[in-house]
Amino acid sequence: KMNFEESTQLKNWILDKDELDKKRKENNIRATHKILNSIKESKQEKYRRCCLSADEELELNNIFSNGIIEFFKSLKRSYRNLKTSNDSKMNNGLHNNMPPFVNDFVMEHTIMYFKRCLLNYSIMEVNYYILMCSCIYLSTKVCDNVISIDSFIQVIKQVGNEVKEDHIRDYELLILNSMEFEVHLHSPLTYFQVLSENFSRSLDDPSVLPDFNDVKSEYYKILCMSDLLFLYPPSTIAMALLQYKLPSSCLHFIQNFVRSQFGLPVAFEQSDQMMAEEEQYVQQFLDELSTLTNHIQSFFDGELTPHMYPSKSLSESLSKRYNTVVNKLENILNKEEEAKMNQLKQEKKQKDEQKSKQEREEMENFQNRLKNGSLSKGPSMFEKFTEEELQSPLRSRRG
């Protein structure tokens, strides 16, 4: 696999907060104009009140992202039930050997694809449920847990609303275009596992290392409810998670590990100017790591901005406004599509009628000429060839 330093994730998907805010505000303004311009002027004020602000969109995006985790839990239960049922082979085309596509890495890819897509689209422009299902289906392919589209739709149907195949296909292309087909993802969990193995050999008591399942659970909360994976490299997030979970008595192991990665000895020698410059760089990294660790601590203490922990009443209010806007936009788009289809049908009907009329006129013309004796006989088969052609050996052999 490609190193993170050479990846498109570092090049195109590690941003600063100002860039994230700018993208979201631009998406929000474009989507709001798109919605209001498609509605009659007399009804614009009603839907203007329903349109979300950029901050409200972020709150709703986090709610929907967190819903992906709950949806995966339901998928796992559904898959286990289908796999163990006596008649699963006959259950709408599902088979006992259906791949377990509802694993953690598929879920992680799904959440990140969902978030990446919504950096280039407003949530008001898409149906979040279809987007979520399409992100899951795309992730199964990228993570080598491929499942047929028919089986996938049947599994989704067991736990939620039915999704049509053409909707998944359309949204799959939308997701890929929004990410410029950059689907590979470097996961902090992979780095965390490597770090844990390394530290288990260094610590006097390896039992102080955090349980991997606990870390995964907390990581997914961070992934859904914050922008950390857009702001920091996955290795830094993994190290911050480890530092957050380790007791303070073990933190010097992290500092020593960081120093070793930069080729520095544990004991710093002030006399070496080159090493002093490296030491300064390492200290900057450790300061950034400490800031991120404190950020994670604040996240779990509930001290961060409100959009990370929207209340139930706020969530319901935002969802209601979102559904109003999206349903209206979908109705408009469906009417436009229906009008376009009707226009195509009308154009085809006119072309067919014109063609039939032309054929009738040609037939009537032919019958009249035949009746009046004005229809020429045309040249005989020998009159079609030149004298030279008639005398050629090839023509003679053909008779």
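Biologist: Where is Ser 178 placed?
Modeller: Ser 178 belongs to helix α8, which covers residues 165-178. Please bear in mind that this is a predicted model.

Biologist: Is Ser 178 buried or exposed?
Modeller: Ser 178 is buried, because its relative accessible area is 8% and the buried class takes in values under 20%.

Biologist: And which residues is Ser 178 in contact with, leaving aside neighbours within four places in sequence?
Modeller: With those neighbours left out, the contacts of Ser 178 are Trp 13, Cys 117, Asn 120 and Tyr 121.

Biologist: Stepping back, what does the secondary structure of the protein come to?
Modeller: The protein has 17 helices and zero strands.

Biologist: What share of the residues counts as buried?
Modeller: The buried share is 40% of the 399 residues.

Biologist: And how much of the contact set comes from residues 24 or more positions apart?
Modeller: Among contacts with a separation of 6 or more, such pairs account for 76%.

Biologist: Which residues make the nonpolar surface patch of about 300 Å²?
Modeller: That patch is made by Met 363, Phe 366 and Leu 370. Met 363 lies in helix α15, residues 312-372.

Biologist: Why does Met 363 count as partly exposed?
Modeller: Its relative accessibility is 44%, so Met 363 counts as partly exposed; that class runs between 20% and 50%.

Biologist: Turning to charge, which residues form the negative surface patch?
Modeller: Glu 359, Glu 361, Glu 362 and Glu 364 form the negative patch.

Biologist: How is Glu 359 classed by its relative accessible area?
Modeller: Glu 359 is partly exposed, with a value of 45%.

Biologist: And which residues gather in the patch of positive charge?
Modeller: On the surface, Lys 40, Lys 43, Lys 46 and Arg 49 gather in that patch. Arg 49 sits in helix α3, which spans residues 44-50.

Biologist: Why does Arg 49 count as exposed?
Modeller: Arg 49 has a relative accessibility of 54%, and the exposed class begins over 50%.

Note on methods
Residues numbered from 1 in each chain as written. Predicted model: local features only at pLDDT ≥ 70, side-chain atom pairs only at ≥ 80, totals over all residues. Heavy atoms only, no water. Patch = residues over 30% accessible without salt bridge, like charges linked within 9 Å, V, L, I, M, F, W, Y side chains within 5 Å. Areas by Shrake-Rupley, 256 points an atom, 1.4 Å probe, with all protein chains shown as cover. Salt bridge = Lys/Arg side-chain N within 4 Å of Asp/Glu carboxyl O. Helix = DSSP H or I, 4+ residues; strand = E, 2+ residues; numbered from the N terminus. Buried < 20%, exposed > 50% of the residue type's maximum accessible area, 1.4 Å probe, protein only. Contact = heavy atoms within 4.5 Å. Lys, Arg positive; Asp, Glu negative; His and termini not counted. Charge placed at Lys NZ, Arg CZ, Asp CG, Glu CD.
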